[in-house]
Amino acid sequence: MQNNLDDEQDIIDLMADKVRFIHGRVGGPTMSQVPDPQNPIWEDWNAASERIWDMIWEKQVERGDPATYFEAEYGPPPYCIIGLDGEVLKDPWEVTDWQIQRESQRFEDRFGSNKL
């Protein structure tokens, strides 16, 4: 699925230097959060979100911020997608934990430190 966050690059550039806290949730123009960002169907949306987070982290490092704040949060219904049976498609806690672990590792790999 195509994500159009890249169409907002000018706005993202303006705000990246001002961000101190990232509420890390992969979503897009048609939903507040994807059911499971690990699923390859959401790869474009996940990559677009991570490009934005990377830009923010780069600005924070340039400013010399002592730490960055990243909070992954995938909520329960009505935010998460439910199946026809009324059950959530993926446990929001598992998705949140996965996102925290992934972004912590990405930050450490990129900047050599895990202050996330």
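Visitor: In which part of the chain is the place of I81?

Guide: I81 has its place in the loop that runs between β2 and α3, where helices (H or I, at least four residues) and strands (E, at least two) are DSSP runs numbered from the N terminus. Before going further, note that this is a predicted model, in which local features need pLDDT of at least 70 and side-chain atom pairs count only at pLDDT 80 or more, while totals for chains, interfaces and linings use all residues. Residues are numbered from 1 along each chain as its sequence is written, and side-chain values use heavy atoms, with hydrogens and water left out.

Visitor: Is I81 buried, partly exposed or exposed, and how far is I81 from D17 in space?

Guide: The classes rest on relative accessible area, with buried meaning under 20%, exposed over 50%, and partly exposed in between (1.4 Å probe, protein chains only); the areas themselves come from the Shrake-Rupley method, and for residues only the protein chains shown count as cover. I81 counts as partly exposed because its relative accessibility is 29%. From I81 to D17 the C-alpha distance is 32 Å, across 64 residues of sequence. R63, which is found in helix α2, is 46 residues from D17 in sequence and 8.7 Å from D17 in space, C-alpha to C-alpha.

Visitor: What else can be read in the loop between β2 and α3?

Guide: G75 lies in this loop, with β2 covering 69–72, and G75 is buried at a relative accessible area of 0%. G75 and A47, 28 residues apart in sequence, have C-alpha atoms 20 Å apart in space. For the backbone, the general idea is that most peptide bonds are trans. In this model the bond from P77 to P78 is cis, with omega near 15°, and P78 belongs to the loop between β2 and α3.

Visitor: How many helices and strands does the chain have, and in what order do the elements run?

Guide: There are three helices and two strands, in the order α-β-α-β-α from the N terminus on.

Visitor: What does the radius of gyration say about the chain?

Guide: The radius of gyration is taken over C-alpha atoms, and the globule rule is 2.2 Å times the number of residues to the power 0.38. For 116 residues a compact globule would have a radius near 13 Å, and the chain has 15 Å, which agrees. Along the principal axes, the C-alpha atoms fill a box of roughly 50 × 30 × 20 Å, and buried residues account for 35% of the 116 residues.

Visitor: How should I read a salt bridge, and which residues does R102 meet in one?

Guide: Side chains of opposite charge can pair when their charged atoms come close. The criterion used here is a side-chain nitrogen of Lys or Arg within 4 Å of a carboxyl oxygen of Asp or Glu, and a search of the whole structure finds eleven such bridges. In one of them R102 meets E50, at 2.5 Å from N to O. Because R102 lies in helix α3 (residues 92–111) and E50 in helix α2 (residues 43–63), the pair ties together parts that are 52 residues apart in sequence. R102 is partly exposed, at 31% relative accessible area, whereas E50 counts as buried, at 7%.

Visitor: What does the salt bridge of R110 with E58 tie together?

Guide: The closest N and O atoms of R110 and E58 are 2.1 Å apart. R110 lies in helix α3 and E58 in helix α2, so this pair, too, ties together parts that are 52 residues apart in sequence. R110 is partly exposed, with 42% relative accessible area, and E58 is partly exposed, with 31%.

Visitor: Where do R106 and E103 lie?

Guide: Both lie in helix α3, three residues apart, about one turn of the helix, and their side chains meet in a salt bridge of 2.5 Å, N to O. E103 is buried, with a relative accessible area of 0%. These residues belong to a network of salt bridges that links E50, D54, E58, R102, E103, R106 and R110.

Visitor: Which residues form the negative surface patch?

Guide: A patch is made of residues with over 30% relative accessible area and no salt bridge, joining like charges within 9 Å and nonpolar side chains (Val, Leu, Ile, Met, Phe, Trp, Tyr) within 5 Å. Lys and Arg count as positive and Asp and Glu as negative, while His and the chain ends are not counted; the place of a charge is NZ of Lys, CZ of Arg, CG of Asp or CD of Glu. Here D7, E8, D10 and D13 form the patch. D7 lies in the segment before α1 (9–16) and counts as exposed, at 64% relative accessibility.

How values were computed: Accessible areas come from the Shrake-Rupley method with a 1.4 Å probe; for residues, only the protein chains shown count as cover.
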